[in-house]
Amino acid sequence: MSNGGDDELEHSLLQIRTLIESTVALHRNRNLQQSLITNLDNDYNFVLDEAQRLILSASRSIDIVHARRLGSDERSERSERDLIYGAREQVGVRLLTSPALLDEDYVREQLGKERPVSVRIARVPPLQAMIVDGSTALVVADSAVGRRASLIRVPEVLNTLQTLFENVWVRAVPAGERTMFGDRYRASLARQILGALQAGVTDEVAARDLAISVRTYRRHVAEIMSLLGANSRFQAGVRAAELGLLPPAAGPGTERGGPVAIS
């Protein structure tokens, strides 16, 4: 993914946040029963109550953006991820999160589920949002005046938010490709190949350092590029680092931390 693409994405997401805030201001003085937007109590348990109500009411889809760290006053005995499991059987659930907030345990949980939540990773600005059936959104965002939670039914905002979600989703990396590469050897090999791609090491040098044939190395490279949706080897290395799949400057022969899991 090019830096230009990242900048465009971040700009679009910031525009969404501005649109939501301006819409909140526009509808602030309307009667709540007639308004298309409702400001929620800042008590986080109240926000979770609304989230649970929306999840239980969903009939088709639930799309979630989880890219904002909770404040110290937003802790609850309830688990947000457990609420999602209350959705009806036919409802498809997608979760888009940032690398820093990816819950590895939650991703692993999905492997044993009959109706797994689809989780993908992308670089997104701080925002919490849940879109239910394309008709209602619960949005929590930080602004100059503090945290603001809103229940939104404004068609213009919903359409823009849903379109943005779809555009980010198709470019995001499936979380399972980050956490499950296979056995320890393959995970270590993937980490080193990603490092070689990022550093621009030639196939021959990288294959020799990894003690594999050039043909095998190139096959692994093709698989990794496909998983990352990269158009070039350098782009695959850069994108892997941006998504938290690889510590910067790692390469063949470099062992850092636990295994990177891709696929």
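Visitor: Leaving aside its neighbours within four places in sequence, which residues is Ala 129 in contact with?
Guide: In this predicted model, Ala 129 touches Asp 63, Ile 64 and Val 65, and is also in contact with Leu 138, Val 139 and Leu 161, once neighbours within four places in sequence are set aside.

Visitor: And where is the place of Ala 129?
Guide: Ala 129 belongs to strand β5.

Visitor: Is Ala 129 buried or exposed?
Guide: Ala 129 has a relative accessible area of 6%. Buried means under 20%, so Ala 129 is buried.

Visitor: How far apart are Ala 129 and Leu 96?
Guide: Their C-alpha atoms are 9.7 Å apart in space, while 33 residues separate Ala 129 and Leu 96 in sequence.

Visitor: Let us turn to the strands. How many bridges join β2 to β5?
Guide: There are 5 bridges between β2 and β5, and the two strands run antiparallel. As an example, Ile 131 in β5 stands opposite Asp 63.

Visitor: What about β2 and β3, do they pair in the parallel or antiparallel sense?
Guide: β2 and β3 pair in the parallel sense, over 6 bridges. Val 93 in β3 is the bridge partner of Ile 62.

Visitor: Which strand does Arg 94 lie in?
Guide: Arg 94 lies in β3.

Visitor: What is Arg 94 in contact with, leaving aside its neighbours within four places in sequence?
Guide: With those neighbours left out, Arg 94 is in contact with Ile 62, Asp 63, Ile 64 and Ser 118, as well as Gln 162, Phe 165, Glu 166 and Trp 169.

Visitor: Which side chain makes a polar contact with the side chain of Arg 94?
Guide: The side chain of Glu 166 does, at 2.6 Å.

Visitor: A new topic: how much space lies in the largest pocket?
Guide: The largest pocket holds about 730 Å³ of space. Its lining consists of 34 residues.

Visitor: Which of them lie nearest its centre?
Guide: Tyr 44, His 66, Glu 80, Arg 81 and Gln 128 lie nearest the centre of the largest pocket.

Visitor: Which element gives the largest share of the lining?
Guide: Helix α2 does, with 5 residues. Among the elements that each supply at least two residues are also β2 (61-66), β3 (92-97) and β5 (128-132).

Visitor: And how does the lining divide by class?
Guide: The lining of the largest pocket has 21 nonpolar, 5 polar and 8 charged residues.

Definitions and conventions. Residues numbered from 1 in each chain as written. Predicted model: local features only at pLDDT ≥ 70, side-chain atom pairs only at ≥ 80, totals over all residues. Heavy atoms only, no water. 1 Å grid on protein atoms, 1.4 Å probe; cavity = no way out; pocket = protein on both sides within 12 Å on 5 of 7 lines; lining within 4 Å. Points joined across faces, edges and corners; volume = space filled by probe spheres on them. Helix = DSSP H or I, 4+ residues; strand = E, 2+ residues; numbered from the N terminus. Nonpolar A, V, L, I, M, F, W, Y, C, P; charged D, E, K, R; others polar. Contact = heavy atoms within 4.5 Å. Polar contact = N/O pair within 3.5 Å; in protein donor to acceptor, adjacent residues only side chain to side chain. Pairing = 2+ DSSP bridges. Buried < 20%, exposed > 50% of the residue type's maximum accessible area, 1.4 Å probe, protein only.
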